[in-house]
Amino acid sequence: MARSSLFKTIHIECPVCNMFHQVEERIRMSNATIKGEKLFYEEHYFVCTNGSGDSNAETEKATNSANEKQLSGRKNHEFQTENLNNINLMAIGNAYRKAHSLMTTEEIVSLRENYGLTQVELARLLGWGEATISRYESKAIQDEAYDTMLRIIKENPLMAVRFLDKNSDKFPETKRMQIRTRMIEKLDSYGKEFLSRQVLESAYVKFPVPSDFNGYRLLDIDKLESIVSYYAERVAELYKVRLMNMLWYADALSFKTYGNSITGMVYRHELMGAFPIGDDSLISLKNVNVRREDDLETTQYQFYPNSTLDLSVLSKNETDILDSVLTKFKNFSDMNLAAFIQEETAYIQTRQHDIIPYSLAKKIHG
Ligand SMILES: [Zn+2]
């Protein structure tokens, strides 16, 4: 007999002796088989402590063979209720989930509540059948693919926003905006835990549509990383100030020439020229090859090519733009380049930390 412990006592109508009395809810380790796998879990059950229980149970047992089967191997004064049975089924399901690194019911509930979503809303967000989450929060075990999607939006609020945008037609507008705001709050609060790309992307969630801010293009990190490498390969000593201004110049020139930026980055008027929003995250990108150089007074970042990148993400038009930027600033020192940018109309007509709209940027001299 497995060791058990008292969980609590409760006054209910006892089905063993058919009397209203205090029964014990006890727990013990038990096992069950799911998908051919033996799993251990904490089983809850009630015990009738009323001495007269046994004889009544015997009578009942004799008249009900199905019940007898169910009770076989157990003491007759034990019983289950439907509610307790559901709790046990959930415990068995969660034992299976833990064994397979799937999110438990509690984790799914907490993910949902983190975003302030109902079960139906979370299902709609992911484009699933409306009853799906309700089933996963009770007895049904999610398969791997569904679990992955749940995990992605749990760990990464940015993905939650993306799913929301993708399935926006499934939410009333005010509700959608309310959920989106909450998701962006979560993004701000634990954005630092994200992988390098997601940190930079999170700075651009505020620019979700093509506009004058991003040069009518959404942030494209593949292109950005490629440009950094392309420049680094062709500039003898590429430091941060030069790189940032050359990025802006290329995006501005592309906008002027083709009506779109290349990277989709949003730039601001900063002390040393035009710097993209998220410039620090840009430096931390996994595919940006950078070396930090500290001396007594300053920290410098020097950029190097990344030979693992596939530069074919850049079109011929785009590399033409990059080449003309390289040619233009070939003989400029870093300070001269910054001074040149500071003379541009787009810089003069904006104040410090202001976003430089592309409509102004296209007035560049290039
Ligand atoms: Zn009883």
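Domain bounds here come from an automatic or database domain assignment. On that basis the protein chain is divided into domain 1 (4-99), domain 2 (105-202) and domain 3 (221-363).

Residues are numbered from 1 along each chain as its sequence is written. This is a predicted model, in which local features need pLDDT of at least 70, side-chain atom pairs count only at pLDDT 80 or more, and totals for chains, interfaces and linings use all residues.

The term pLDDT is the predictor's confidence in each residue, from 0 to 100. The protein chain averages a pLDDT of 89, and 90% of the residues score at least 70. Over residues 53-73 the pLDDT stays under 50. For that stretch the model has 19 contacts beyond four places in sequence, a contact being two residues whose C-beta atoms, placed from the backbone, lie within 7 Å.

Back to the domains. The centres of domain 2 and domain 3, taken over C-alpha atoms, are separated by 35 Å. The contact takes 4 residues from domain 2 and 7 residues from domain 3. On the domain 2 side that touches domain 3 there are 2 nonpolar, 1 polar and 1 charged residues. For these classes, Ala, Val, Leu, Ile, Met, Phe, Trp, Tyr, Cys and Pro count as nonpolar, Asp, Glu, Lys and Arg as charged, and the others, Gly among them, as polar.

Next, helix packing. Helices (H or I, at least four residues) and strands (E, at least two) are DSSP runs, numbered from the N terminus. Two packed helices are described by the angle between their axes and the distance between the axes. Axes are lines fitted to C-alpha atoms, for helices over the stretch in contact, and angles run from 0 to 180 degrees between N-to-C directions.

Helix H11 (residues 221-234) and helix H12 (residues 240-258) have axes that come within 11 Å and cross at roughly 115 degrees. H11 contributes Ile 227, Val 228 and Tyr 231 to the contact, and H12 contributes Leu 243, Met 246, Leu 247 and Ala 250. What classes do the residues of this contact fall into? They divide into 7 nonpolar, no polar and no charged.

H12 also packs with helix H15 (residues 334-342), at an angle of about 35 degrees and with the axes 9 Å apart. Here Val 241, Arg 242 and Asn 245 of H12 meet Asp 334, Leu 337, Ala 338 and Ile 341 of H15. By class, this contact of H12 with H15 has 4 nonpolar, 1 polar and 2 charged residues.

Now some single residues. A residue is buried if 20 or more other C-beta atoms lie within 10 Å of its own, exposed if 12 or fewer, and partly exposed in between, with C-beta atoms placed from the backbone.

Ile 364 sits in the segment after helix H17 (358-361). Ile 364 counts as partly exposed because it has 18 C-beta neighbours inside 10 Å. Not counting residues up to four places away in sequence, Ile 364 touches Tyr 249, Ala 252, Leu 253, Lys 256, Glu 344 and Ala 346.

Glu 293 belongs to strand E8 (residues 289-294). Is Glu 293 buried or exposed? It has 11 C-beta neighbours inside 10 Å, so Glu 293 counts as exposed. Leaving aside neighbours within four places in sequence, Glu 293 is in contact with Gln 300 and Gln 302.

Last, two backbone angles. Tyr 216, in the loop between helix H10 (196-203) and H11, has a positive phi of about 55 degrees although it is not a glycine. His 353, in the loop between helix H16 (345-348) and H17, has a positive phi near 75 degrees and is likewise a residue other than glycine.
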